[in-house]
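Trainee: I have a model to go through and some questions about single residues. Can we take them one at a time?

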Amino acid sequence: FYAYKRLKAEKALPERPNTFEAWIKVPTDATDKRIGAIYSNHVDAYAQAINFEIEAGGHPQLRWQIQWNQADQITFDEIDVRTGEWLHLVIVRDIENQVGYCYVNGELKQTAGFLNCNGYIETSSNTMCVGGGNTGGNSAMFKQSRIHSVAAYSDMRTANEIASDYANGIT
């Protein structure tokens, strides 16, 4: 799966995801600007949306928009995924404690708190897309990079489950 391509799901997610997982490859010379969405259903500023993405500086981020002007995000600013190698990236949302955990290659690399709201994500009728959102343009697309696979889970995956997924490698 290469940059500037999107793959759209046939149906919307039936449950709210709390774990987002992907195998990605981001070049070391990728821009310092936003690299883009790995898995997203973003349509516009007014719709409920989830973005599993790589922000400026190669920082993994999970952003969710509940409605206009009510959004939250977890940005893992101590992590830079611009390695030029395939890596296994996982973000787990812990709603009860209002924190997120970011794993890289099976190891917990950073814990970060939510910024604004309680972490609640509604299910949305907007279908998820791998490699970008549901917008007509390419502003949210996963630029300059590659995605091998993506998964979303309604539960909070454990450290052992994440390590096992990493150990199984790219299939």
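Trainee: Is Gln-98 buried, partly exposed or exposed?

Mentor: Keep in mind that this model is predicted. The relative accessible area of Gln-98 is 36%. Buried requires under 20% and exposed over 50%, so Gln-98 is partly exposed.

Trainee: What is the phi of Gln-98, and where does Gln-98 lie?

Mentor: Most residues other than glycine have a negative phi. Gln-98 is not a glycine, yet its phi is positive, at about 50 degrees. As for its place, Gln-98 sits in the loop between strand S7 (86-94) and strand S8 (99-104).

Trainee: Where is Asn-105, and what is its relative accessibility?

Mentor: Asn-105 also has a positive phi, near 50 degrees, and is a residue other than glycine. Its place is the loop between S8 and strand S9 (107-113). Asn-105 counts as partly exposed because its relative accessibility is 26%.

Trainee: Which side chain of opposite charge is nearest to Glu-21, and how far away is it?

Mentor: Glu-21 belongs to strand S2 (residues 19-25) and is buried. A salt bridge needs a nitrogen and a carboxyl oxygen within 4 Å, and Glu-21 has no such bridge. The nearest side chain of opposite charge is that of Arg-157, at 4.2 Å.

Trainee: Which residue's side chain makes a polar contact with the side chain of Glu-21?

Mentor: Beyond its neighbours within four places in sequence, Glu-21 is in contact with several residues, including Phe-52, His-88, Tyr-153 and Asp-165. One of these is joined to Glu-21 by a side-chain polar contact of 3.1 Å, and that residue is His-88.

Definitions and conventions. Residues are numbered from 1 along each chain as its sequence is written. This is a predicted model: local features need pLDDT of at least 70, side-chain atom pairs count only at pLDDT 80 or more; totals for chains, interfaces and linings use all residues. Side-chain values use heavy atoms; hydrogens and water are left out. Helices (H or I, at least four residues) and strands (E, at least two) are DSSP runs, numbered from the N terminus. Buried means under 20% relative accessible area, exposed over 50%, partly exposed in between (1.4 Å probe, protein chains only). Lys and Arg count as positive and Asp and Glu as negative; His and the chain ends are not counted. A polar contact is a pair of N or O atoms within 3.5 Å; within protein, one must be able to donate a hydrogen and the other to accept it, and residues adjacent in sequence count only if both atoms are side-chain atoms. Contact means heavy atoms within 4.5 Å.
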